[in-house]
Amino acid sequence: MDHLLQILVNGLSAGAVYALFALGYTLVFSVLGVINFAHGAVFTLGAYFTYLLIGGPVGANGALAGFRLPFALPFWLALAVAGLGAALVSLLVEATAFAPLRRQRSDPLLTLISSLGAGVVLVNLVQILMGAESYAIPAGTLAGLPAAVNLGGATVRTVQLLLMGIAALVLVVLTLWLERSRSGKALQAVSEDPLMARLLGIPAGSMIRLAFAISGFLAGVAGGLVGLSVSIAGPYFGIGFGLKGLGVLVLGGLGSVPGAVLGGLVVGLAEALVPAEFSGTKDGVAYAFLFLMLMLRPQGLLGRPQSSKV
Amino acid sequence: MSGTPLLALTGLAVRYGNVQALRELDLEMHPGELVALLGSNGAGKSTTLRAISRLVRPSAGGITWRGRPLARASTEGTVRLGIGHCPEGRRVLARQSVATNLELGAYLRRDRQGIRADLERCYERFPRLAERRGQRAGSLSGGEQQMLAIARSLMGRPELLLLDEPSLGLAPKLVAEVMAILAELRRDGLTILLVEQNALAALAIADRGVVLEAGSVSLRGSAAELLANDALRASYLG
Ligand SMILES: Nc1ncnc2c1ncn2[C@@H]1O[C@H](COP(=O)(O)OP(=O)(O)O)[C@@H](O)[C@H]1O
Ligand SMILES: [Mg+2]
């Protein structure tokens, strides 16, 4: 039988990934009121960027077969650079799938489709260039750090601690930024009343790009860490996380930063409580749980009640 | 009056699809003036302000600021130029605190000390906002929200303040309070374009007025002339 502490750690670290994912969705949702369906693809790219930046070679099936960067960065640096790369990709998604539609003042819901398209293009690009095989970021990459530590009988992998620590750090930094800084408050103003924000002189376009950049950075870093934690299962591996992150976003309450984190942890824990012999039913349990929670609390755990526009 | 006007509208027209909301509007604003833009619901008053703030594009005519055309400016650009717009319905940021609303009013300013000094002056002018500075703006009463909306516009240090129906939905006593504040701002030298349906209250503090009817000017003159005008008395003053 699993140690209770073990279950807790497994659940919280999986939940941390979902939380990072949902935070990215939340930022964009709060300024635009729509979901960026390319977010999962940006996460995937973050993982591949990290892999390449630590000097990993491209496998035999991709167009870039045998390619390897002429340098190999230490994992931390690679993760940070991959995050920045993912932020750039996210900005590119904004420029191609969101901005043109916004300039034409079309229905924001249309960007659900254009962002889904951007995501498919990105994922296929990865498949063409890197092939469909899986890639592992070798353990022992965390220079100097042991692969696992023993905490009161539970074996906790270092990467799990990292995931939890980074999710907590992101939550704190993001909250402080949103609540305290000039640009964070301006972003919230755009989120609450875009027209008034413009009349205050807040450039909505820059705020939207800022939200995409931060959201992309978070996804990229999460991708790299998951790549280290469970390996990169192929170009489509972001999709499963993306869907669950979406569920988490709704569970936490659309647009709520602490809600995204709480929702992530709750879903991660619910999954971890599924006994190992039934692990094939994990996703089913997670979604059933989401479904039940939303029946009880449609606005999400920490969401404001949505006023109906009908 | 002489000299280049601060703001000049010439032959301004705005359409929304098939609706001609505004036609052939000429209006000049000189520094220090308080002009009332009057008219009943749907006359085109808000549309005029929206055109000045570049929220809608004119279908004809032009707008100049200090003699320079505004045609290429963005809405943010007009704020930067010194045009503050306090829109219809107050639009305070309900989820933000009173203090944050005021800070965001100064979003484009970089002079931290000046902002802090203005915040203090603002709390002196609006003591009720000072008492409630940490409260969510959404929890304020209608009158307090209107004061906050005006105070927030002032935090941007505009040269011209566009005010859209500040008296709407307020009790007579509060209307008088708002108008007294506007009169005081005018005495301090602020140029104000005041949109109102409450013609009597607006003309009591205005230098002159323009009356819109279905998008066209039906009357214009000094405040005293308009207050003495029988047609205006009949349709707006009751
Ligand atoms: N967004 C819009 N789309 C279509 N028609 C509009 C829009 N906004 C205003 N109108 C119409 O334009 C006219 C003037 O409106 P408005 O400027 O808001 O009037 P006022 O502020 O004087 O009440 C009205 O007939 C109104 O119905
Ligand atoms: Mg109006």
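This is a predicted model: local features need pLDDT of at least 70, side-chain atom pairs count only at pLDDT 80 or more; totals for chains, interfaces and linings use all residues.
Next, burial. Of the 238 residues of chain B, 46% count as buried. For the 310 residues of chain A, the figure is 47%.

Now overall dimensions. The C-alpha trace of chain B spans about 45 × 40 × 40 Å along its principal axes. Why call chain B a compact globule? A compact globule of 238 residues would have a radius of gyration near 18 Å, and chain B has 17 Å, so the two agree. Chain A spans about 55 × 45 × 35 Å. With 310 residues, a compact globule would come out near 19 Å; chain A has 19 Å, so that agrees as well.

On to secondary structure. Chain B has 10 helices and 10 strands. Chain A has 11 helices and two strands. Walk along chain A and you read α-α-α-α-β-β-α-α-α-α-α-α-α.

Those two strands of chain A deserve a look. S1(A) covers residues 148-151, and S2(A) covers residues 154-157. They run antiparallel, joined by four bridges. A:Leu151 stands opposite A:Ala154. How many residues lie between the strands of this hairpin? Two, and A:Gly152 takes a positive phi near 50°.

Back to chain B, and a sheet. It is open, with four strands in the order S2-S1-S4-S5 and antiparallel pairing. Which strands sit at the edges? Strand S2(B), residues 19-29, and strand S5(B), residues 68-69; each pairs on one side only. S2(B) pairs with S1(B), residues 7-16, over seven bridges, in the antiparallel sense. Along that pairing, B:Arg15 stands opposite B:Gln20. A general point to keep in mind: side chains in a regular strand alternate between the two faces of the sheet.

Which residues surround ligand 1? Among them are B:Tyr16, B:Val19, B:Ala21, B:Gly39 and B:Asn41. The list also includes B:Gly42, B:Ala43, B:Gly44, B:Lys45, B:Ser46 and B:Thr47. S2(B) and helix H1(B), residues 45-52, each supply at least two residues of this shell. H1(B) gives the most, with three. By class, the shell has four nonpolar, six polar and one charged residues.

Now the nonpolar core. The largest one has 166 residues. Which members touch the most others? A:Ala19, A:Phe21, A:Leu23 and B:Leu194. Helix H1(A), residues 4-32, gives this core its largest share, 17 residues. Look at A:Ala19 up close. Leave aside its neighbours within four places in sequence. A:Ala19 is then in contact with A:Ala167, A:Val248, A:Ala260, A:Val261, A:Gly264 and A:Leu265.

Last stop: where the chains meet. The contact takes 13 residues from chain A and 18 residues from chain B. On the chain A side, helix H6(A), residues 182-192, and helix H7(A), residues 194-199, are the elements that give two or more residues. H6(A) has the largest share, five residues. What classes make up this side of chain A? Seven nonpolar, two polar and four charged residues.

Methods:
Residues are numbered from 1 along each chain as its sequence is written. Chains are lettered from A and ligands numbered from 1 in the order in which they are written. Two strands pair if DSSP finds at least two bridges between them. A residue is near a molecule or strand if its C-beta atom, placed from the backbone, lies within 6 Å of it. Ala, Val, Leu, Ile, Met, Phe, Trp, Tyr, Cys and Pro count as nonpolar, Asp, Glu, Lys and Arg as charged, and the others, Gly among them, as polar. A nonpolar core is a set of buried Ala, Val, Leu, Ile, Met, Phe, Trp, Tyr and Cys residues joined through C-beta atoms within 7 Å. A residue is buried if 20 or more other C-beta atoms lie within 10 Å of its own, exposed if 12 or fewer, and partly exposed in between; C-beta atoms are placed from the backbone. Two residues are in contact if their C-beta atoms, placed from the backbone, lie within 7 Å. The radius of gyration is taken over C-alpha atoms; the globule rule is 2.2 Å times the number of residues to the power 0.38.
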